[in-house]
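Keep the viewer open as you read.

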Amino acid sequence: MKCRVCSKNIESIMSFGSMPIANGFLSLDKFKNEYFFELNTAFCMNCKMFQLVDQPDPKMMFHDSYAFFSSTSRKMEEYFKNVAEHFMNNYLRNTENAFVIEIGCNDGIMLKHISNRGIKHLGIEPSSNVAEVAKQNGVNAITSFFNEETAAYILESNNHADIIFAANVMCHIPDIHSVARSVNLLLKENGIFVFEDPYLGDVLQKTSYDQIYDEHVYLFSVHSITNAFGLNNLEVFHVEPQLTHGGSMRYYLCRRGSKDINISVTKQLKKEKELGLDKFQTFQKFKLNCEQNKNDLIKLLNKLKEDGKRVVGYAATSKSTTILNYCGIDSSLIEYISDTTPIKYGKFTPGSHIPVKSYEEFKKDKPDYAVLFAWNHSNEIFEKECDFLKNGGNWIVFVPEVKILNKETYS
Ligand code: SAH
Ligand code: TMP
Ligand code: ZN
């Protein structure tokens, strides 16, 4: 097995077994032809990249009925508004010549704010259904995967970019060197490439193994990003931890030597060494933690079933696909999962085939327990669902460990 980034031999960490497409919510008639692949993870001791050994063809994951719409979370709406404000206040003062590119703009959650301010921008989004919503939100977007061909096409009718932004998508793209070459093509001499993704350090510390699924071909650290982009003359000049998606890191890159390196970079590299993000033993410990977490969750769900309790799921996230399939949980343990995304209603969860119902059904229902699959949005959800606890409902959370929250134990 060779590293996707540096081509050196990689060390196998663990297998999560056979997995379907994480966002591949499906109707009953599609069960028999459902696609599965082996979800195996590995670590490169040379460039420190955590990676999937195999990833399905991107066209199987990103298409005209992609099930994830960024704007389903109110807090994420606010968050991306702030990202846009941050760019406009700090990097886009001269709006006349400014140009912002976003890779994986989804429904336009960030770019619509840039657009509202009349700043030239372009979103690159291969999933045409979400790109369509971006366009309805006044965003200029092209339905395409970001690569060198797309970069060349953009340059035919645009100037170079001040900012290239990418949230929760860089870790989806297997060919990092192609991205880096495309960024090199598109960026102004002094431009910046800013991206953020779930952070390897948080995943290991919280045993949030549900961040590992087909789309996330990498889990990044400052070490791995420095190495990967260093091969392409791009340099990390600043990093900022974020609270989103259960703990993310935002990386600011520039052409090598074009900016001063902020102290945040050396600080985070030092912290990563303390966390052991550069050592294989850390991942062996992670494997044991995942197995423990799985056993605890299965044990709890079986016990509740024995006791005749009604258990449902809250939010049919892509992350839940890893939990459900790795733990072998089906509708005998979780009756249904409610979600606010209309495209998922009436369908079934990938692989585990649990029915997905609308949020309204959950509101009407009075289940005893709800497994919180969107734990990364827990602040927003607990705020919204305070009645569930008040009325005697119990949350089951599994990050960082399996436990029950009810009106006695929730503070
Ligand atoms: N940026 C948004 C969306 C993240 S989901 C947010 O943070 O909420 C990832 C998005 O990236 C999806 O909309 C997917 O269609 C898109 N995507 C996947 N591969 C891509 C690629 N190679 N180039 C551009 N976009 C891609
Ligand atoms: P994410 O964890 O990848 O951001 O996905 C969030 C999913 O959770 C998405 O399918 C929408 C759903 N969701 C709810 O059902 N209710 C909520 O209150 C929130 C915030 C999200
Ligand atoms: Zn490597």
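## Around ligand 2

Start with the shell: 18 residues sit around ligand 2, each with a heavy atom within 4 Å of it. Nearest of these are K319, D339, K344, H377 and K384. By class, the shell has five nonpolar, eight polar and five charged residues; Ala, Val, Leu, Ile, Met, Phe, Trp, Tyr, Cys and Pro count as nonpolar, Asp, Glu, Lys and Arg as charged, and the others, Gly among them, as polar.

This is a predicted model, where local features need pLDDT of at least 70 and side-chain atom pairs pLDDT 80 or more, while totals for chains, interfaces and linings use all residues. Residues are numbered from 1 along each chain as its sequence is written, chains are lettered from A and ligands numbered from 1 in written order, and side-chain values use heavy atoms, leaving out hydrogens and water.

## Polar contacts and cover

Oxygen atoms of ligand 2 pair up with polar side-chain atoms of K384 at 2.5 Å, K344 at 2.7 Å and N376 at 3.0 Å. The protein covers 97% of the 480 Å² of accessible area that ligand 2 has on its own (Shrake-Rupley method, 1.4 Å probe).

Helix 13 (residues 378–384) gives the most to this shell, three residues. Helices here are DSSP runs of H or I with at least four residues, numbered from the N terminus.

## Helix 10

Helix 10 (residues 280–306) has 27 residues and spans 40 Å from first C-alpha to last, close to the expected 39 Å, which is 1.5 Å times one less than the number of residues. After helix 10 comes G308, with a positive phi near 75 degrees.

How values were computed. Polar contact = N/O pair within 3.5 Å; in protein donor to acceptor, adjacent residues only side chain to side chain. Helix = DSSP H or I, 4+ residues; strand = E, 2+ residues; numbered from the N terminus.
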